[in-house]
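Here is a walk through one model, element by element. Have the coordinates open as you read.

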Amino acid sequence: MIYLDANASEPLRPEARAAVLAALETGGNPSSVHAAGRAARRMLEAAREDIAACFGASPAGVVFTSGGTEANALAVHALARGRRLVVGATEHEAVRAAAPAAAVVPVDRRGLADLDALATLLAEGPAMVCLMLANNETGVLHPVAEAAALCRAHGALLHVDAVQAAGRVAVDLAALGADSLVVSGHKMGGPLGAGALLLAGDPALVPLVAGGGQERGRRGGTPGLPAIAGMAGAARAAVAGLADQARLAGLRDAIEVASGQAGAIVAGAAAPRLANTTCLALPGVRADTQVIALDLAGFQVSAGAACSSGKVAASHVLAAMGLGALAGSAVRVSLPWNAVAEDAQRFVAAYLDMAGRLSRRVA
Amino acid sequence: MIQRPNRPIYLDNQATTPCDPRVVQAMLPFFTEHFGNPHSAEHTMGRFAESAVETARGHVAALIGADPREVVFASGATESNNIAIKGAARHAARSGDGRRRVVTVQTEHKCVLEAAADLAAEGFEPVVLPVRPDGTVDPAAVRTALEEAPTLLLSVMAVNNEIGVLQDLTGLAAMAHEAGALFHTDAAQAAGKIPLDVEAMKIDLLSISGHKLYGPKGVGALHVRRRPRVRLAALFSGGGQERGLRSGTLPAPLIVGLGEACRIALVEMEADSRRIAGLRDRLMAGLERAIPGLVLNADSERRIPGNVNLTFPGSDAQAMMAAMPDLCVSTGSACSSAEVEPSYVLTALGLSDAAAARTLRIGIGRFTSPSDIDAAVSMLARAHAMAAPQPSEA
């Protein structure tokens, strides 16, 4: 079985595994004052410092949550405070659902947010803008630093969903000039079940999950230490290993060249992208048929975001790029941190075989 | 001279419990080789994680007598309590229900009280009832609160986290239903410790925490009754997981851990309870011999065996804790244990601030041994003697 669905979840990194095991053995509650509690507290605060250091935040600005979805929801809930919400057209469901009535910043055919359109929207009054750094389906990297400058000029807040970018490109809250940023443990090679909201400065927040006063009153509940420590371990390893992304880009390029010869179209190919992600549309062949065929051949890829769980809805991301006709025929191949050249070679062979069989049937 | 133990003796099992090694074993493969996203239903690895999540859902349901479809996973009991309380109120308000009252009790966990208080800002009317000196809520007071104004929800915890007292869930649920209200119980301290049956007890909403029953931190569950259907508004939205009630990728390894913890609890609860009650009796016998005048707070019968809440006659609790660094006990709930203010739970029982400041919570668990208890007795007795103000005539 070859796993090529890293954007749904990355395999656990060894550094994360060690951190999870250590946390599972540290029995205490980080809020307890006795020895066991203090040991857990030290582990929690070390994780906080790691996450802050990896992504250009201060430890006081790091709020641990159960994952990216909760962290995005918390950001919108706590920071918008009556501002008009403006979101990118290709945002993840977590952001779209948190701001259902938001104005939408369109993207161009390359998949990039249209900054002129953003400037026009910002001229209409105080806003909070949500723009993802890397798209989960195409890997397209949005011009977030430029958007941040625009937001600053218009007195708007910028919230950045960096769930897919963190650990794959350099992500720095301070350098971006954004107001808040979200990372997720399991997209960096940590375990499922932890995420973080990173805040510029140290603002007080009205919590989404109330009670107990943990996370300095910004998120109630005993912190999920094993997943949090695992996330920090993964982030450290991923950020230290960013240079390895060039290797993944080589594998990705090889996949794109070969599948292009089989008739596939790469969505977002003209934009700067994550090294590990390619979105391959095979015109006329249904995406779910492709995914099932590839699964039978031992390759784990997806037809879009994992969360929609079962329902195969046409991708809003491709539709926003003007590729609506391809939306039902695109599969996402996302290389995990530990992918090797042989994985890509074997995938190419399987893809060409599948494309040959299924495209012929269409023709 | 007392030999120092090679690791602290952990008697704070209401703050958190150690993760059972069997739970760790069950989780490990889902952290490592089976790392698929349980919502990636389109491929084999996703489906494998999904099926493990569903097996765990069955174990959680079995522990509380629920249908697996009634179990919603969340990040812990705090989030489950927030979803239950805010979700029930907000759903009612959005569907044009005019009822605004939410009734709860002074000794609830902070997260229940804060969730109810948050609702006040949205136009709801939280009513917080006192408890009797034994820690139980007065049924007559509950009935009055439910009858005074149309009530949406009654939320009363199953077992108190500081004093271990059991509330009469069956009676409270019946009263809530007579008044047309839903009944929610925070069972974070009860699940796996006492038998719970949401069918027989007619509980509509019940919150569970993983790390209070020897599972991992970062996972919990909310039971949401299906017949008659209880409808809730989500706390936050996103990918629409858990039938839209709780978005976000389900943490499969943690859920497998919660499921295994529930499976073990169902099998071992009775034997654990008997053994822990024996240890509790051993602890109390030793302490009462060593420290005359020791007071056990709250009802002495209606309580879980794994908790005692003790007011010491002569010593400040914080000073005692400082004098016994190798014993992990607490002065109150963990979330507020860094605060110097007296526990609001003890205050609600009628303890004076001075008595509350002389009070320790001791939590015995599955991994406590008789020798741990004996060592704890001597540490507590010593710390009490050391920390007590010396009588002037001595």
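Is A:Leu199 buried or exposed, and how many other C-beta atoms lie within 10 Å? A:Leu199 is buried, with 24 other C-beta atoms within 10 Å. Here a residue counts as buried if 20 or more other C-beta atoms lie within 10 Å of its own, as exposed if 12 or fewer do, and as partly exposed in between, with C-beta atoms placed from the backbone.

## Ground rules

This is a predicted model, so local features need pLDDT of at least 70 and side-chain atom pairs count only at pLDDT 80 or more, while totals for chains, interfaces and linings use all residues. Residues are numbered from 1 along each chain as its sequence is written, and chains are lettered from A and ligands numbered from 1 in the order in which they are written.

Helices (H or I, at least four residues) and strands (E, at least two) are DSSP runs, numbered from the N terminus. Leaving out residues up to four places away in sequence, A:Leu199 touches A:Gly61, A:Val63 and A:Ser180; contact means C-beta atoms, placed from the backbone, within 7 Å. A:His159 is 40 residues from A:Leu199 along the chain, and their C-alpha atoms are separated by 9.2 Å.

Over in chain B, B:Thr151 belongs to strand β5 (residues 151-155). B:Thr151 is buried too, with 22 other C-beta atoms within 10 Å. Again not counting residues up to four places away in sequence, B:Thr151 touches B:Arg99, B:Arg101, B:Val103, B:Leu146, B:Ala179 and B:Ala181. B:Pro139 is twelve residues from B:Thr151 in sequence, and the two are 16 Å apart in space, C-alpha to C-alpha.

## Helix α1 of chain A

Helix α1(A) has twelve residues (14-25), and at 1.5 Å a residue it should span 16 Å; its end C-alpha atoms are 17 Å apart, which agrees. The expected span is 1.5 Å times one less than the number of residues.

The buried residues in α1(A) are A:Glu15, A:Ala16, A:Ala19, A:Val20, A:Ala23 and A:Leu24. They cover an arc of only 165° around the axis, which puts them on the same side of α1(A); the arc is that of the directions from the helix axis to the C-beta atoms. As a reminder, an α-helix has 3.6 residues a turn, so residues three or four places apart point the same way. What covers the buried residues of α1(A) includes α2 (35-54) and α8 (225-240) of chain A, together with α1 (21-31) of chain B.

## α2 against α8 in chain A

The axes of α2(A) and α8(A) come within 9 Å and cross at roughly 35°. Axes are lines fitted to C-alpha atoms, for helices over the stretch in contact, and angles run from 0 to 180 degrees between N-to-C directions. On the α2(A) side, the contact includes A:Ala40, A:Met43 and A:Leu44, and on the α8(A) side A:Leu225, A:Ile228 and A:Ala229 are among the residues involved. By class, the contact has twelve nonpolar, no polar and two charged residues. Ala, Val, Leu, Ile, Met, Phe, Trp, Tyr, Cys and Pro count as nonpolar, Asp, Glu, Lys and Arg as charged, and the others, Gly among them, as polar.

A:Leu44, in helix α2 of chain A, is buried, with 22 other C-beta atoms within 10 Å. A:Leu44 touches A:Pro30, A:Pro223, A:Leu225 and A:Ile228, not counting residues up to four places away in sequence. A:Ala232 is 188 residues from A:Leu44 along the chain, with 9.5 Å between their C-alpha atoms.

## Where the chains meet

In the interface, 62 residues of chain B are in contact with 61 residues of chain A. On the chain B side, α4(B) gives the most, with five residues. By class, that side has 27 nonpolar, 28 polar and seven charged residues.

The peptide bond from B:Arg227 to B:Pro228 is cis, with omega near -10°, and B:Pro228 lies in the loop between β8 (220-224) and α7 of chain B.

A:Arg216 has a positive phi, near 50°, in a residue other than glycine. A:Arg216 counts as exposed, with 11 C-beta neighbours inside 10 Å. B:Ala298 is not a glycine but has a positive phi of about 70°, and B:Ala298 is buried, with 25 other C-beta atoms within 10 Å.

Methods. Contact = placed C-beta atoms within 7 Å.
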